[in-house]
Amino acid sequence: MSLLCAHCNKPHGRRAAYVNRAAKCGLPLYCDRRCAGLARRTEKPPLAVRRALKREYDIKYRLENREYIRERKREDYQAHRDPVKERRIRKANMARHVAYCRKYYQDPKRKAFKVAYDKYYKAKLLYGDNYWAECHVLLVKLEKAVRELEPNKYERAKARGYYGNGRTTQERKRNAKISRW
Ligand SMILES: [Zn+2]
């Protein structure tokens with residue numbers, strides 16, 4: 001039987017049995033082995049496209065496996081670190097670092113930012129990265145505002161009804177007398 005190659009469109013001959021089987025299974029027929037191979041080949045996208053795809057994949061992978069990657073990095077660092085070398089580098093950098101810190105904190109804008117940052121950093125250490133940390137920061141702020149409004153501790157305690165509530169024996173006796181009348 002004469003038919004056309006599914007890859008190069010060249011006419012070629014095949015036995016009827018081959019053609020019938022291919023039609024039954026829905027398979028293409030090629031003129032020779034070379035065409036069959038070429039037809040199976042999948043064209044790779046250009047290098048730039050492949051790099052872009054890999055980049056996208058890496059970003060997704062790092063986001064999804066952040067903890068796993070960090071754990072592995074931590075283990076790798078602990079396995080290969082050299083404390084002596086680290087100490088030497090730290091010492092060599094110390095003077096420069098101290099000068100940098102001094103300069104950094106001379107800028108009032110930067111200092112305010114750092115103070116605010118540290119506040120949240122400490123709150124997050126205590127309460128984790130959730131809204132309780134935010135609550136803690138707000139509470140501290142509120143308490144500071146209250147203390148500024150009334151610096152006297154005795155006055156503050158009086159205002160919230162600390163005294164006269166049966167805290168001392170004298171108060172309890174007085175309260176008992178009042179309730180009897
Ligand atoms: Zn062919």
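Read along the sequence, this predicted model follows the pattern β-β-α-α-α-α-α-α-α-α-α. Colour the chain by secondary structure to see its nine helices and two strands.

**The whole chain**

Display the entire C-alpha trace before making any selection. Along its principal axes, the trace spans about 120 × 65 × 35 Å. The radius of gyration of the protein is 39 Å, whereas a compact globule of 181 residues would have one near 16 Å. Buried residues account for 1% of the 181 residues. Of the contacts between residues at least 6 apart in sequence, 19% join residues at least 24 apart.

**The two domains**

Select residues 2-40, which form domain 1, and then residues 45-81, which form domain 2. The centres of domain 1 and domain 2, taken over C-alpha atoms, are separated by 45 Å.

**The loop at Asn-9**

Next, select Asn-9, found in the loop that lies between β1 (2-4) and β2 (11-13). Most residues other than glycine have a negative phi. Is Asn-9 buried or exposed? Asn-9 has 9 other C-beta atoms within 10 Å, and a residue with 12 or fewer is exposed, so Asn-9 is exposed.

**Tyr-18 in helix α1**

Proceed to helix α1 (residues 16-25) and select Tyr-18, which is placed in that helix. Tyr-18 and Ala-92 are 74 residues apart along the chain, and their C-alpha atoms are separated by 80 Å.

**Helix α5**

Select residues 83-106, which make up helix α5 and number 24. From its first C-alpha to its last, α5 reaches 33 Å, close to the 34 Å expected at 1.5 Å a residue. Where does α5 bend? Centre the view on Met-94, where α5 bends by about 45 degrees.

Move on to helix α6 (residues 108-127), whose 20 residues should span 28 Å at 1.5 Å a residue. The end C-alpha atoms of α6 are 29 Å apart, which agrees with that expectation. How many buried residues does α6 have among its 20 residues? The count is one, and α6 is hardly covered. Then select Gly-128, which follows α6 and has a positive phi near 80 degrees.

**Helix α7**

Select residues 131-149 to display helix α7, which has 19 residues. Its reach from first C-alpha to last is 27 Å, close to the 27 Å expected at 1.5 Å a residue. Helix α7 is also hardly covered: the count of buried residues among its 19 residues is zero.

**Arg-156 in helix α8**

For the last stop, select helix α8 (residues 153-159) and pick out Arg-156 within it. Arg-156 has 14 C-beta neighbours inside 10 Å and therefore counts as partly exposed. Arg-156 and Asp-58 are 98 residues apart along the chain, and their C-alpha atoms are separated by 57 Å.

Notes:
Residues numbered from 1 in each chain as written. Predicted model: local features only at pLDDT ≥ 70, side-chain atom pairs only at ≥ 80, totals over all residues. Domains from an automatic or database assignment. Helix = DSSP H or I, 4+ residues; strand = E, 2+ residues; numbered from the N terminus. Rg over C-alpha atoms; globule rule 2.2 N^0.38 Å. Contact = placed C-beta atoms within 7 Å. Expected span 1.5 Å × (residues − 1). Bend = angle between axes of the 7 residues up to and from the residue.
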